[in-house]
Structures are given as structure tokens and as C-alpha cells.
Amino acid sequence: MIALLLALLLALPWVLPPFYQTLFVFYAIAALVVLGLHLLTGLAGLTSFGQAAFMGVAGYTSALLALRAGASPWVGLLAGLAATFLFALVLGLLTVRLKGHYLPLATIAWQVALYIVMGSWVALTGGRTGLSDLPAVAVFGLELRDPRLYHYLAWGLLVLYALVLYRLVHSRHGRMIRALRGDAVAAASFGARPPELKLWTFVIAALGAGIAGWLYVHFVRFVNPSPFSLEASIFYLIMAVVGGVGALPGAFLGAGLLTGLEQWLKDLVPLVLGKSGNYEIIAYGLILVGILHLAPRGLWPWIEARLPRRTPPLPEGEGLPPRAEPLPEGPLLVVEGLTKSFGGLLAVNGLSFEVHRGEILGLIGPNGAGKSTTFNLLAGVLRPDAGRVVFRGREITGRYPFETVRLGLVRTFQHPHLFPEMTVLENAMLGTYPRTRAPMLSSMLGLDRVEERRAAAEAYRALVRVGLAEKAFLKAGALSLGEQRKLEVARALAADPVLLLLDEPAAGLRAGEKRALAGLIRRLREEGITVLLVDHDMELVMHLVDRLVVMHYGEKIAEGPPEAVQRDPVVLEAYLGGAA
Amino acid sequence: MLEVRGLEVRYHAAVAVEDLDLHVGEGEVVALIGPNGAGKTSTLLALLGLVACRGEIRYRGRLLNGVEPEERVARGLVLVHERRQLFGEMTVEENLLLGAFARYKRGERRLKGDLERVYALFPRLAERRRQLAATMSGGEQQMLAIGRALMARPRLLLLDEPSLGLAPLIVREIFGILRRLKAEGTTILLVEQNARAALELADRGYVLEAGRVALQGPAAELRENPRVVEHYLGIQGEGSG
Amino acid sequence: MDPLIFGFLLSDGLISGALYALVALALVLVFAVTRVILIPMGEWVVFAPLTQAVLLEGRLPATVWLSALLLLVWAALDLRRGRTPLLLALAAALVVAAGYLGLAVPALAPLVAILVVLPLGPATFRLFFEPLPGATVLVYLILAVGLHFVYKGLGLAFFGPEQFGLPALLAGEVAVLGLPVPWQGIMLVLAAGLLMASLYLFFTRSLFGKALRAAAVNRIGARLSGISVREAGRVAFLLATGIGALAGVLVAPLSNASYEMGFLLGLKGFVAAIVAGLSSYPLAVAGGVLVGLLESFSSFFASAYKEAIVFALLLPVLAWRSVSSLELEEEE
């Protein structure tokens, strides 16, 4: 399939009429920017209205070097990318930490600011009229002035960028980037550092736009601010949204469709309105509005659903190396005097208990008793005001999740924080993040293949253990709730847990699913994993756990085996309420 | 006054309420009890139209499916939300007046009387009428939420866990007020985790578990029934063996 | 600096500041109630004076037909909801009638222009935003950006690229502390003040105003109290468009109007709204004045970059706002 497309690509310039040859070059340029948006917006969830500005940075840098210093466009490319890298780093540091809608607003801010500077700094950039007579790109003395030749340059760079991006997306970093977007907390709990990842995503997307900018200015051999305006950025975003920002082919689809439509619309809309002028933005706006209402995930998902599905081969072979350190004697987890208040409210007050190796401990209590807070304190999402937590003989009080997960303290989430667009196997592979090491550059260059294979095998084994092996290549969103819970457990297993913290695993499950889940948890205990679970579902808890700790108003009111706790009058009072 | 048949509430893949039937007669106080996660809150939210559901809901003889929540409030079906949902940056009096907005919109401008009634019922609110809602204690906020609901002159008052997070003394006060409302003839559907308090107040009760009705009957019977305890503490049931 | 020049810049800055403050107020109002960042506001602000200009040239502006059309589409969508479609159709007829009235009586042109532009806001909300009730702020933002493109393109199609000069509603200048200030400018500042005062009274004294605030502060609580959040959204859009159109008509005689200005104007009002964290009305006013003064003084020192400076100012403000914002938004 791919080979066919590549052959087509190579032959195309000689088959198309001249107008379309040029159009295809512009298609490639647009696709570079839109691919960056796929990574940035589609995967990492950071919407940018400023990609065209990065095009401008690279384009102007190269143009200025060529005109003022007589440099070759290739030097211009390197310099342009370096400049884009620097701008992206600085702007990224400012922007990626912004929450929610502040981030896209910030991108608008610097896009407009940069655009105005480009147009106003006449001495440097030639202002609105711009700079002309830029040299053409030359390859071994052959000048690429003809669109047919430029086609190879543009598409060559595009294919390279797409490959690098593809490798990145299908690596441990790519999985984590996608995870960050849906759920930073879940991602952090497996060891990710959100700000770093987001920053690099930002920079890589900007570099794609930089390449596009360079290609643009040396194709038309003229540079002025107008292709790098906020409206251009919006136009690229429209391409991304129309094609489907979540999938790599979507970027190609959107870029191609709208580049093609552009010309057609430029002719059509004035006809409809009965007067000549540049009214096509009306159509773009309507297209965007229409897509958001009718096909919010873009057009690619429609097409993908109709393509034949190839099942990839099952991962096999060695998994990842298991945990080397043996467990010390004594209780696995010790909680002493744990205390936490929010504002004036004391949520957890001097809680102390132990978890022994190989047991299943249940933490229960009526609504508002402080169970979730305790859970989050143990998981490292919250810092306690007082008290200690000791795990495997080491003090872990207040340590972040990404530190404790490496020690083998792994948690699941009450609302499955799975990533519905990723496959079941990819979701499970997220659990291997703290056990793998390949840096981002290795992933992009495809040097992490061995580690990836082992991680896949490990994750697959986890799927087998929970009974989800046949669904490995389905999208996680297609699973039933009971299966989603199992997938969460599988993901936790892929992290090689010593102590598994389960957060309301039974919530929303039907009787049969609960039974299956309980069976799974018992099997895990037999394999040597210790479990601490928090739940409301007495039916599940009472028949599963070895011991219970009962909380009420933030304190421990009872502890012991289920039969004893069920008969404890203090517990009964707490659950059924006092007289009123 | 209220007839529910075959109610089903789902959140994506999770089933919160399944095949639920219940009814509330005029002037009755009905308790909906059960352990956490049993689907009690989802039931109330579905009654008000705040979550999507399937099944039939008949209120005063008319089908409610498809009617917007604001319209249901205007027809006298009023909910005191589990999290109260007060307007924190507004005063007590403003919160109360806004409770009557549906009536105000229809042209009823004489709200003073209702305001005085609420203040008589909740003297603490009268003392704090100009205080911002967000600065009040949990118990006072709960009173304000109930007062706000009363301003709408409800025909059927729905309460979601009024005792949640409150100290026993305050819970006693609030239930005392609910008793007064009952004496005045207000129809109430009360969701509570505190089974004892709820069953002491109510005429009838339903015990919910895992989204279905496990037990039902007159409150007096349920109070004595040991199986209620079991449902709360999971002693009985199929077990997950 | 020469005190006279300082005075000029100050008065200039305050007058633009009043304009930006009004736009910011409108943006904050809409965001608070509907979570929509109303990017097309700039276009509507400039549509009003442009409509007025076309009326004064003796032609019926296309905005009349656009408004009427949107109202009729709205009526068609709500066909089964009681009297609403009838009222909307009536409103559409009213808009057309007003258009002809404006042609016949040029003195009424500014008023007619505002009336004609007014339905654009609530109709846009009903047609494009209401059908997506639970969407994230980001989706609304992208939608708003798309609509901005549509309205900007329509602006070009309706009014062309030229600038229109408009007669002042109050001609001439008056000496304030030795400085000649145009009456029109004073009128704008006074109108802004009056509008702010009325809004303040509306939100704090009238139960309808409080209900609107309630819908902004707590959606669920509002619905539980019988307040329709959809209606609140429409009212918010209506008020915002009214404020914007009025502001546009008042400022146009001072600086001419062209379809392009809308966007930049909207963006500057938007900078002020961000200073206000999209939530505080007093800060919106302060932000507007700040932007106006900044622009005015920058234009003296570094004329070409004055706008770049205003936007660069946005970054630290956004950073500060993001840190102090307690809201957790789910990312799209």
C-alpha cells in the first residue's frame, strides 16, 4: 500500500499539469504544518493558533541570510531551524504550563505580536512589501526552480518528517504524550513529567512549521508577512480539524482537501456572492463550523472505519527484566499518624495501619469518611500535613507518583483513566513507561526497537493475565466497563507492582463482572502481589479481603477480618447512622 | 403524585440505575436509602432531567420525559442537590429570592411572604440574610439550600443526602425541620445514607442496591428488618465467591 | 514630554480606553454566562457603523437581510416551541422595516444600525453554540474563530474594503484644561460610564440580572432554581451585541470605519478581558483603559510596534491568570 503511494508520489510531477504541480508543492508545505498540529493538538491536546508564526521565523531567517550574507539556502535551512528551535523553546516555556484555554490564547498573543513585528521592522524585514529575489535551492548545482523538481524536495522533507513523527508517536514517549492530554494525573502516576514532554512536543511541531516556512520562501523566492499571519495559522488549524487532528493520515487528508478547495473556493464564492474579491474565508469559516457540529473528530475516522483492518502480529518473546531487589522482612506498607486537612476541614486524622505482604486489605467507611483522601495520600497525589508512609522499609511520605511507581507502588483509578483512542495493548504498554529508558531522540530515529518489542511482550503478558488477550488490538474505547477495569489492572501489572492500590474497582460493574474482577484479584494475590483496595461495594469487599480497616470522620474506627467488622457495633452505627 | 417505571440511568459504559420502579403519593414522605454507589443520586438527577435516562416518569399524571429541568421546577418538582449548588458569591437573601425565579418569571412578584416563611423556619438564615453564601458553615448552607427549594413552592420536594458531611447536632436540627414540613403536608422524596434517620421520618421506604430496588415497604417495617443491615454491610447477597 | 502632547495622548488613550472597556465588558459577560470567548464581537462592533454609513449613502445595507435571515432560520429551528417562532418572524420583519426607516430618516440611522445588528448576537448563539451545550471552552473558541472568519468575509462582501467617514453625533470640540477634545469622544466616555452604571444596577438590583449572574456562577444551581441557562446565554449575547454596536456607532466618527478594523479592535478588547481574567467587570474596565493608554503612549514612542507591545503584554498577563485560576478545565 505504502509502496504504491510512494510510486505515485514519484511519478506525479510528470503527470500533472503545471498549475497542479505548484498546488502539490503547496500541499506538501501545508501538510508539514498540519502534521505538527496533529502532534501538538491532536495528541498532546495543546491547541495552537500560532504555527504560521514559526514558518515566518524560519522563512525570514533564511531569506535574510541569503540576501544579506549571500548564504546558500541550505545554510538558511539550518539557521532557520535553529532560530525556530530557539523561539519555540522560549515561547514554549512560557506557554505550555498554561492551563486550559489560556494556552491557545497565549499562542494567539505571540502569533499576532510576531506578525506585527514582521510587518513593521522595515529595516530588517522589508516591512509589508517584503524581500524579493531570493535564491533558489540548489542540489549539486541543479537549481530547483521548476515546481516538478521542487516537488521532490518538498515531499522528500515531508515524508522524512512524517516518518520521524510516526516513530515518535509509536514509542513510549508518544504513548505518554497521548496519555497526558487525556489525563495528566494518570500519566504522572506512571512516571511522566508533563511539562518536559509538552515542551518537546511544542518544539517538534514548531520545527515542522519551520521546514514548511523555509520551503515556502525558497519556492516563491519572495517573503512577506502575509502567509505567516494569524489567519494563516487558523487556516492550518482548520485543515487539521477537518482532516481529523487525532490521526496522522488525517493531517494529509485535511491539508490536501483544503489546499485543493482553496483554489476552487476562490473562484466559487465570489460567484455565489455576485461580486469579486477574497471571500473564501467565509467558506473556510463555515466549513470549520460545520465540521465541529457534524463530524467533530474530522473526516479521517469515517474513512478509517471503511478500510480493511489488518491485525498486527502478536507480541512475543522476552518481556522486560523483572524487579531485582528482594523485599525486606516485615510489613510491606506502614502508615503512621497520617493527617490531612483542607482549609478548615480535617479529612484524615492520625490514621495508622499496616499492610502485610501477600494480603488483600480493604479500606472502607461511609461517604465522607476520608477514604479517597487516604488513597490519594498513599498514591502520592496529595502531600500529608503530618504522619509517615513507609513502603518496603523506605520512607515515601510525600513522594511524587513517578518516584513511587518505580518502587512498585502502583495505583488504578476509579473512573478508568484509559485512553479510548489507543488500542488495548498500547494502554497496557503505558504501564511499562517507568521500566523503559529510551530517550526521545532515540525513539524518533527508530533506535528503540528492541526495548519496544520487549515492552510490548510484557504488556501482552499482562493482558493474558487479566484475560484480555484477544482484544489486544481493539480500541480501548470499545471495551465494556468490566473490561476497562481489567485493562487498568493490566496496565498496573505491566509496571511490575509490588503493592497494587485499587480505587473503587467495582464501581458501576454488574454482578458477573464483579465476580470476575474478584477472581482476578485473588489470582494476583496468589502470584505474590499485595493489594490494598478502597470500595463501597460491600458485596465485593466482604468476600474478597483478608482484613478490613474501617474509617469514619477521618479516623480509624475498626480493624480486623470481615466477620468481626460486620458485627462491630461501632461500625454499624457509622454506616446506618445515629438516630436523628 | 410521582410514578416511576423502568428507570434506567447510564453513564457511558457504567449502569447506575436499572429497572427501577417507585411511586410517591401526595402528602407522603418516602425514603430512598442504600449504600453508597447504589444509584440514589442518579435517580433524583434523572427525575429532575439533569441526566439522560430511559423509562417512564409521570408527575401529577403527566409524562416528564423530554421536559427541561427548569420547566420541571416551574411545575413544582424541586431538588435540593447533594452538593447544594448555592450561589456562593451572593447573599442568603439573594439565593432565596432566586429560588423563586420560576415563579417570578411567570409574573408572581409578591415573594416577601415566602421569604418570611423560610426565615421563620430557619432563624439562623434570618440572622445572616446579608451574608455571602460561601462564607457560611456546612449546616447553614444546607439550610439555605432547603430554604431556596422551598421558595419555589414545591409540590414534590426531593432531597439528596441532606445530612451529608454534617455534625450529628445539625443533622438533628435539619431533620426537625423536615418533620415540620411533613406536618405541613409537603410531599417529600428523601435520599439518605443515614438509614435510621430517614426511616424515622418517612412513611415508606425503598432500599436501593447496585441500581435496583432490593427491599421496599412501610418505614416502620424496614426499621425492624435485619436485611436492611445486611444490604448495607454486604453480609447477604450472592457474594463474589 | 510637552504637557500638551501628554494631554493629547492621555485624552486619546482614555477615549480608546472607553471603547476597549466596553468591548471587554461584553466579552466578559458572554464568557461568564456561556463559556464562549466571543472572537466575532469585533466584527459586530464595526458592522453597526458600517451599516449606518451605507444607510447614509441611501442604500439598504445587506446586514438588514442577514439579520432577518438568521432570525427566520432560528424561527424555523424552534418551530414547535410555542409563540417563539412567531415572535422571531415578527422581529425579522421589524428589522427590515427599521432598515427602510433608516433610509427614509437619516437622522435615525445610528439607532437603526444598532437595531439591525442586534439580532446577530443571540441568533449566532442559538444557531451555532446552543446545539453544543456541554462542549469545552476550547471547542467554543475554535467555533468562535470559524465564525469570525465568516463574519469578516461577510463584512468585506457587504461593505467592501474602503473606509467610511461618518458624521459625528455631536460635532465640534471643547477645551478641557486647555486641550481640544472632540465632543464625540466625550460622548463615548460618558456613554461608557452610563452603560457600566446601568449594567451594575441591572446585575445587583434586578432579579433578572441576578439570575443571569447565577447562571454564570453555578449552572446546576441555576437550573435547580428554575433559571434556564440557555435563555441566559441568549440574553448575554443580546446585551453584549448591544453594547458592542453602541460602542461602534459612538467611536466611528472619530476614526472612520472599515471592515478590517473589527478584528484588531476585538483583539484589543480581548486583551483587556484577559486582564480581567474573563470574570471581573471592574477589571475589564480597568483593563480597557490600560490598553487604551498603553496603545496611545506607545504610538508616540514606537508607532509601528504599538500593537505588538499590547499583545506582548498579554503573555505575562495570561501566565499570571493561568496560575491564579483555580479552575481545572478538561483539555479537548
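## A look around chains A, B and C

Chain A has a secondary structure of 24 helices and 14 strands. Keep in mind that this is a predicted model. Along the principal axes, the C-alpha atoms of chain A fill a box of roughly 90 × 50 × 50 Å. Of the 580 residues in chain A, 55% are buried. If you take the contacts in chain A between residues at least 6 apart in sequence, 74% of them join residues at least 24 apart.

For a local example in chain A, take A:Pro135. This proline sits in the loop between strand 1 (131–132) and strand 2 (138–139) of chain A. A:Pro135 has 17 other C-beta atoms within 10 Å, so it counts as partly exposed; 20 or more would have made a residue buried. Setting aside neighbours within four places in sequence, A:Pro135 is in contact with A:Ala66 and A:Pro73. A:Gly70 is 65 residues away from A:Pro135 along the chain, yet their C-alpha atoms are separated by 9.1 Å.

Now for where chain A meets chain C. Here 34 residues of chain A are in contact with 39 residues of chain C. On the chain C side, helix 7 (137–159), helix 12 (261–275) and helix 14 (306–324) each supply at least two residues. Helix 7 of chain C gives the most, with 16 residues.

| Residue class | Side of chain C that touches chain A |
|---|---|
| Nonpolar | 28 residues |
| Polar | four residues |

The axes of helix 8 (residues 183–205) and helix 11 (residues 229–255) of chain C come within 8 Å and cross at roughly 165°. That angle is over 145 degrees, so helix 8 of chain C is roughly antiparallel to helix 11 of chain C. The crossing of helix 8 past helix 11 of chain C is left-handed. From helix 8 of chain C, the residues that meet helix 11 are C:Gln184, C:Gly185, C:Met187, C:Leu188, C:Ala191 and C:Leu195. Helix 11 of chain C answers with C:Ile243, C:Leu246, C:Leu250, C:Val251, C:Pro253 and C:Leu254. Sorted by class, this contact has 10 nonpolar, two polar and no charged residues.

Both of those helices turn up again around helix 9 (residues 207–217) of chain C. The buried residues of helix 9 of chain C are C:Lys210, C:Ala211, C:Leu212, C:Arg213, C:Ala214, C:Ala215 and C:Ala216. Their cover includes helix 1 (3–34), helix 8, helix 10 (219–224) and helix 11 of chain C.

Four strands of chain B form an open sheet in the order 2-1-4-5, with antiparallel pairing. Strand 2 (14–24) and strand 5 (62–63) of chain B stand at the edges with a single partner strand each, so one side of each has no neighbour in the sheet. Strand 5 of chain B runs antiparallel to strand 4 (residues 54–59), and two bridges join them. In one of the pairings, B:Arg62 of strand 5 is the bridge partner of B:Tyr59. Helix 1 (residues 40–48) of chain B packs on the sheet, where it touches strand 1 (2–11), strand 2 and strand 4 of chain B. The direction of helix 1 of chain B makes about 70° with that of strand 2 of chain B.

Definitions and conventions:
Residues are numbered from 1 along each chain as its sequence is written. Chains are lettered from A and ligands numbered from 1 in the order in which they are written. This is a predicted model: local features need pLDDT of at least 70, side-chain atom pairs count only at pLDDT 80 or more; totals for chains, interfaces and linings use all residues. Axes are lines fitted to C-alpha atoms, for helices over the stretch in contact, and angles run from 0 to 180 degrees between N-to-C directions. Angles under 35 degrees count as roughly parallel, over 145 as roughly antiparallel, 65 to 115 as roughly perpendicular and the rest as oblique. A crossing is left-handed if the near helix is turned anticlockwise from the far one by less than a right angle, and right-handed if clockwise. Two residues are in contact if their C-beta atoms, placed from the backbone, lie within 7 Å. Ala, Val, Leu, Ile, Met, Phe, Trp, Tyr, Cys and Pro count as nonpolar, Asp, Glu, Lys and Arg as charged, and the others, Gly among them, as polar. A residue is buried if 20 or more other C-beta atoms lie within 10 Å of its own, exposed if 12 or fewer, and partly exposed in between; C-beta atoms are placed from the backbone. Two strands pair if DSSP finds at least two bridges between them.
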